[in-house]
Amino acid sequence: MREFLRGRQARILAVLFLLMLGLMLLDASGEGYGSAPSRLLAAVTAPLQKATAALSDRWASFFSRYTDAAAAHEQAAALEAENDELRRQLIELDELRRQNEQYRQELAIADTTEGLTTLPAAVIARDANARFSAFEIDVGKKDGVEVGNLVITPSGVAGVVSAAYDRVARVTTVLSPEISIGVCISATGELGEVQGDPAAAAEGKTLVKLLPGDCAAEAGSLVVTAGVGGNYPRGLLLGTLETGVQAGENGVEGSARLIPAVDVNEIVNVSVVTGFTDSAKGGE
Amino acid sequence: MRLQSRRRLKWLCYALLILLCCLLQTMPRLLTFGQVKPIWLIAACCVIAVFEQPLPAGICGMCCGLLYDMAWGSLLGFNGGLFLLIGAGVSLFVTYLLRQRLTVALLVTACGTLPVLLAGYLFYNVMWGYTGGSFWLLLIPNLLLTALAALPLYPIVRLLAVRWFPER
C-alpha cells in the first residue's frame, strides 16, 4: 500500500481528482464549459435512448398484463361507478355547455385552451433516482423547444423544460422545488404559485404557495395556470387541491397540497407548448 | 494476440459495457422497482475495479461518474471525482486485502454506492434545505438493488479480464 501511495499511479490519480474539482468549478461558474460534453453525450445517446425507450415500454406493457391483473379488476369496478356518475354529470354538462356557448357569444369570450402551438414528444430517458422525477424527451432546440416551455399531457401540466439540447430536452416536473408556475384557483380566482416540496414530492404531490391566508378554496378545487406575466398560457389544469388552504404563521399567506393532474412517473408521451397566441395569455 | 491488442480490445469491451449501463440507467420504467432503480454505472465501476489495477480502475470510475453527471445534469465532475476515488479504492482493497470473488464484488458495490447516495443527499438535498423523510426508505433498497446489479456484470467482466483478454 505504501508503495502505491508513493508511486506514479497515485500521483496520476491525484491529478485526475484535481482535474475533476477544476471541472466542477468551471461548471459551477456558469460559463458553459460543462454543457458542451453534455450536448455531445445527448447527441450520441439520444437515438439509442429512443430505441431502448420503445423496447422498455413494450417490456413493461407485456408484464403489466399479468402483474397488474388484480389492481386492474379493482380499478375497473371503481371506473364503472365513476362512469355512472359521469353519465349523470354529462347530462347536466350538456345543458351548461349550451348555456356557456350562449354566454360566450353574447360576451365575445375566447376559449382559453385554443391558440396553443404544441409539439408532440416521447419520454426517452428517466432515472428513478433522479430528483423529483425529472425526465428527458426526444425533441430539442432544433425542433423549436426552448428552456421554460411548458410540457403538458391531455390530463394537464407535467412540467417545464429546464435544459434544451439539439435533439433532446430535460423536463423538470411539477414535483420539483426548482419549478415556479403562477396559478389560480379555478373556483375562486385567487392567485398562487405552484412550487414543489421534497416531503410532498415523496408522495407524488406538490404545493400551491402564496395564496391569500383567508382563501376559501376547499379540497377538490381545480388549480389552473394563471398566465400572469405572459410566460405560460392560462387555463391549463395542474391538479386538484388535496386539502383546504392553511394560513401561514403571519396569516397573510397560505398554502395547500396539490394532487397533480398528471402522474409524472408514468407518462410516456407529452406535448411541449412552444408558443401561444394572445388569446391564451393571461393578464400582465 | 499481442498484449497491447488484447488490452485495447478489453477496454473497448469495457467501454461498450459502460455505455450499455448508461442506457439501462436512463431507460424509462425498465427495471425500476417502485421509486428505486439500481445505479448501474456504479455497479460497473466497482466490478471492473475488482479486476483492474488502481489507476485504470480509477480512470474507468471517473468515466462512469462523468457519464452519470452528464446524463442527469448534476455538476460536471461531482460524481466523476467521487467515482474515481471509489474505483481506485475498490481496486486497492481487492489488491491488498480481498479476493476476486462474486461476494466481494457485491459487497464492494454496496459499499461504493453508500458514499454516492450520501454525497448526493448532502449536496443536493440537505444543503438546499430539501430534507424529505423518504431518504432512508430509499437508501436501503437502492443499496441492495445496486449490489444485485453487480450480479450480471461480474461474470461478463470476469470473462473479459480473466478468460478472453488476460494480461499475463
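The dialogue below takes up the two chains in turn, beginning with the conventions.

Q: Which conventions apply to this model, and how are residues, chains and side chains treated?

A: This is a predicted model, in which local features need pLDDT of at least 70 and side-chain atom pairs count only at pLDDT 80 or more, while totals for chains, interfaces and linings use all residues. Residues are numbered from 1 along each chain as its sequence is written, chains are lettered from A and ligands numbered from 1 in the order in which they are written, and side-chain values use heavy atoms, with hydrogens and water left out.

Q: How many helices and strands are there in chain B, and how many in chain A?

A: Helices (H or I, at least four residues) and strands (E, at least two) are DSSP runs, numbered from the N terminus. On that basis chain B has six helices and zero strands, its elements running α-α-α-α-α-α from the N terminus on, whereas chain A has five helices and 13 strands.

Q: What percentage of the residues in chain B is buried, and what percentage in chain A?

A: Buried means under 20% relative accessible area, exposed over 50%, and partly exposed in between, with a 1.4 Å probe and protein chains only. Of the 168 residues in chain B, 56% are buried, and for the 284 residues of chain A the figure is 38%.

Q: How is the span of a helix judged, and what does α4(B) reach from its first C-alpha to its last?

A: The expected span is 1.5 Å times one less than the number of residues. Helix α4 of chain B, residues 78–96, has 19 residues and reaches 28 Å from its first C-alpha to its last, close to the expected 27 Å. Helix α1 of chain B, residues 3–26, has 24 residues and reaches 35 Å, close to the 34 Å expected.

Q: Why is α4(B) described as largely enclosed by the rest of the structure?

A: The description follows from burial, because 14 of the 19 residues of α4(B) are buried. In α1(B), the buried residues include B:Arg6, B:Lys10, B:Tyr14, B:Leu17 and Ile18 of chain B.

Q: At what angle do α4(B) and α5(B) pack?

A: Axes are lines fitted to C-alpha atoms, for helices over the stretch in contact, and angles run from 0 to 180 degrees between N-to-C directions. Helices α4(B) and α5(B), the latter covering residues 102–126, pack at about 155 degrees with their axes 11 Å apart. That makes α4(B) roughly antiparallel to α5(B), where angles under 35 degrees count as roughly parallel, over 145 as roughly antiparallel, 65 to 115 as roughly perpendicular and the rest as oblique.

Q: Which residues make the contact of α4(B) with α5(B)?

A: Contact means heavy atoms within 4.5 Å. Among the residues making this one are B:Phe78, B:Leu82 and B:Val94 of α4(B) and B:Val104, B:Pro115 and B:Tyr124 of α5(B). The residues of the contact divide into 13 nonpolar, three polar and no charged, where Ala, Val, Leu, Ile, Met, Phe, Trp, Tyr, Cys and Pro count as nonpolar, Asp, Glu, Lys and Arg as charged, and the others, Gly among them, as polar.

Q: Where do the axes of α2(B) and α4(B) come, and which residues meet?

A: The axes of α2(B), residues 40–51, and α4(B) come within 8 Å and cross at roughly 35 degrees. Among the residues that meet are B:Leu41, B:Cys45 and B:Ala49 in α2(B) and B:Phe83, B:Gly87 and B:Ser91 in α4(B). By class, this contact has 10 nonpolar, two polar and no charged residues.

Q: Turning to chain A, is A:Thr173 buried or exposed?

A: A:Thr173, placed in strand β5 (residues 169–173) of chain A, is buried, with a relative accessible area of 0%. Not counting residues up to four places away in sequence, A:Thr173 touches residues including A:Phe132, A:Ser133 and A:Val264. The C-alpha atoms of A:Thr173 and A:Val160, 13 residues apart along the chain, are separated by 6.4 Å.

Q: What is the phi of A:Ser133, and what is that of A:Leu210?

A: A:Ser133 has a positive phi of about 60 degrees although it is not a glycine; A:Ser133 lies in the loop between β1 and β2 of chain A and is buried at 11% relative accessible area. A:Leu210, also a residue other than glycine, has a positive phi near 60 degrees, but A:Leu210 lies in strand β8 and is partly exposed at 44%.
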